[in-house]
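I opened a new structure today and wanted to get to know it piece by piece. These are my notes, in the order I looked things up.

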Amino acid sequence: MKHLKWRFQQWFRQRLNNWLNKRQPPARQVTLSQKIIYILPSRFGLWYILLLILLYFLGTNYQNNVILLMSYMLVSVLLLALVLAWRNLHNITVSCAPVLSAYATETLMVPVALQTPEPKQQIQCYFHSQQQPSVLADANLHVMVPLLAENRGYYPLPRLTVHSYYPFGLFNCKSMLMLDYHFWVFPKPLPSESVEALAVDRGTKNQIAADYDTIRSYHPGDSLKLMLWKRLARDPDNPVVKHAPSSPVPEPDWITIPTVTGAALEVALSKACYMMLQLEQRSKPYGLRINTKSISPSCGQQHLQRCLRELALC
């Protein structure tokens with residue numbers, strides 16, 4: 001039974017998305033018009049309509065003109081609320097700034113801008129109905145709409161719902177917009193001991209290089225002040241001079257993703273993500289080997305983004 005219910009929900013959502021895509025194809029900027037504004041009675045509005053029906057039947061049954069007049073007045077209020085709810089959303093231009101990225105299980109804050117020639121009231125925006133909507137009180141303002149990034153990958157921005165219960169809470173006036181943007185979800189960084197081990201190993205190598213790079217053989221033109229005279233007295237055939245240690249060039253680190261699947265792959269990607277962030281923070285070059293693809297060692301934000309995107313698509 002649960003499986004049939006799940007299949008029906010999936011079928012209904014697919015049909016609904018196809019119907020919405022025909023009415024409003026994905027676009028970077030959308031202006032709300034009559035074609036894409038949908039008005040449904042709220043729960044309070046349904047009780048209000050039920051009250052109207054009861055009052056009308058009560059007035060007609062007992063031929064009470066006062067009750068009939070009251071029901072007609074309440075109907076006029078209902079129609080007025082319907083028109084005002086539509087006008088409150090009509091002609092709003094919705095746009096979105098380019099969405100960057102987030103890590104898995106984090107909340108991505110999406111910047112959404114609503115512009116309108118006249119003030120609007122009680123506008124709310126959300127991507128999923130389970131999340132707390134972001135309220136926009138005035139016109140020409142920006143709002144940060146939360147979006148939960150669950151799994152790694154490259155995803156299109158889900159439908160943005162712009163709705164309002166203005167003016168009396170009788171109707172839920174909404175528009176479900178498909179904005180033509182995508183966002184990256186990188187693996188969640190998982191602390192690993194590999195980075196500390198690499199740091200210790202690199203420090204040992206650099207210290208050894210510094211110890212053995214303080215003297216060198218004498219070359220014509222070297223200053224006699226740098227000559228080691230005591231050593232020259234012991235070995236006149238091999239003169240040496242003091243030499244300032246050169247700054248060791250950091251050796252690049254290679255981050256290799258093992259050939260695993262399932263939960264083991266997710267753990268390996270999370271540890272690799274943590275190692276990249278740590279090495280990038282220390283300005284150390286690093287490369288990535290993943291499946292049959294290899295990214296040459298480098299550092300910098302562009303290199304980091306390229307490697308993280310490869311992890312997201314693995």
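**Entry 1: what I am looking at.** I reminded myself that this is a predicted model.

**Entry 2: the largest pocket.** I went for empty space to begin with. Rolling a probe the size of a water molecule over the atoms shows where empty space is left. The largest pocket holds about 850 Å³ of space. I then listed its lining and got 20 residues, with Arg13, Leu16, Asn17, Phe127 and Arg159 lying nearest the centre. Which elements give two or more residues to that lining? I found α1 (2–23), β2 (38–41) and β11 (171–177). Helix α1 has the largest share, with seven residues. Sorted by class, the lining comes out as nine nonpolar, eight polar and three charged residues.

**Entry 3: helix α6.** Next I checked α6, which runs over residues 263–281 and has 19 residues. From its first C-alpha to its last I get 27 Å, close to the 27 Å expected at 1.5 Å a residue. Then I asked which residues of α6 are buried. My list reads Leu265, Ala268, Leu269, Ser270, Ala272, Cys273, Tyr274, Met275, Met276, Gln278, Leu279 and Glu280. A reminder to myself: an α-helix has 3.6 residues a turn, so residues three or four places apart point the same way. After α6 I ran into Ser283, which has a positive phi near 60 degrees.

**Entry 4: helix α7.** I did the same check on α7 (residues 301–313). Its 13 residues should span 18 Å at 1.5 Å a residue, and the end C-alpha atoms are 18 Å apart, so the two agree. Buried residues in α7 are His303, Leu304, Cys307, Leu308, Glu310, Leu311 and Ala312.

**Entry 5: aromatic pairs.** How many aromatic pairs does a search of the whole structure find? I got six. One of them is Tyr56 with Phe57, an edge-to-face pair at 5.9 Å centre to centre and 70 degrees between the planes. I looked up how open each ring residue is. Tyr56 has 37% relative accessibility, so I noted it as partly exposed. Phe57 has 53%, so it goes down as exposed.

Then I turned to Tyr155 and Phe183, a tilted pair with 5.9 Å between centres and 35 degrees between planes. This pair links distant parts of the chain, since Tyr155 sits in strand β9 (residues 153–156) and Phe183 in strand β12 (residues 182–186), 28 residues apart. Buried or exposed, where does Phe183 fall? Its relative accessibility is 6%, so it counts as buried. Tyr155 is at 29%, so I put it under partly exposed.

I also spotted a cluster, in which ring pairs link Tyr103, Tyr154, Trp184 and Phe186.

**Entry 6: arginines over rings.** I looked for charges over ring faces and wrote down two cases. Arg28 lies over the face of Tyr181, 4.4 Å from the ring centre. Arg289 lies over the face of Trp254, at 3.8 Å from the ring centre.

**Entry 7: Ser296.** I found Ser296 in strand β17 (residues 293–298). It has a relative accessible area of 53%; the cut-off for exposed is over 50%, so Ser296 is exposed.

Entry 8: Most residues other than glycine have a negative phi, and most peptide bonds are trans. With that in mind I went looking for exceptions.

- Which residues does a cis peptide bond join? They are Tyr166 and Pro167, with omega at about 5 degrees. I placed Pro167 in the loop between β10 (160–164) and β11.
- Asn91 is not a glycine, yet its phi is positive, near 70 degrees. It lies in the loop between α3 (65–89) and β3 (93–96). Its relative accessibility is 35%, so Asn91 counts as partly exposed.
- Gln122 is not a glycine either, and its phi is positive at about 55 degrees. I found Gln122 in the loop between β5 (107–115) and β6 (123–126). With a relative accessible area of 42%, Gln122 is partly exposed.

Technical notes. Residues are numbered from 1 along each chain as its sequence is written. This is a predicted model: local features need pLDDT of at least 70, side-chain atom pairs count only at pLDDT 80 or more; totals for chains, interfaces and linings use all residues. Side-chain values use heavy atoms; hydrogens and water are left out. On a 1 Å grid over the protein atoms alone, a cavity is a set of points where a 1.4 Å probe fits but cannot get out, and a pocket is an open set with protein on both sides within 12 Å along at least five of seven lines; lining residues have an atom within 4 Å of a point. Grid points are joined across faces, edges and corners, and a volume is the space filled by probe spheres set on the points. Helices (H or I, at least four residues) and strands (E, at least two) are DSSP runs, numbered from the N terminus. Ala, Val, Leu, Ile, Met, Phe, Trp, Tyr, Cys and Pro count as nonpolar, Asp, Glu, Lys and Arg as charged, and the others, Gly among them, as polar. The expected span of a helix is 1.5 Å times one less than its number of residues. Buried means under 20% relative accessible area, exposed over 50%, partly exposed in between (1.4 Å probe, protein chains only). Rings of Phe, Tyr and Trp (its six-membered ring) pair if their centres lie within 6.5 Å; planes under 30 degrees apart count as stacked, over 60 as edge-to-face and the rest as tilted. A charge sits over a ring if NZ of Lys or CZ of Arg is within 6 Å of the ring centre and within 35 degrees of the ring normal.
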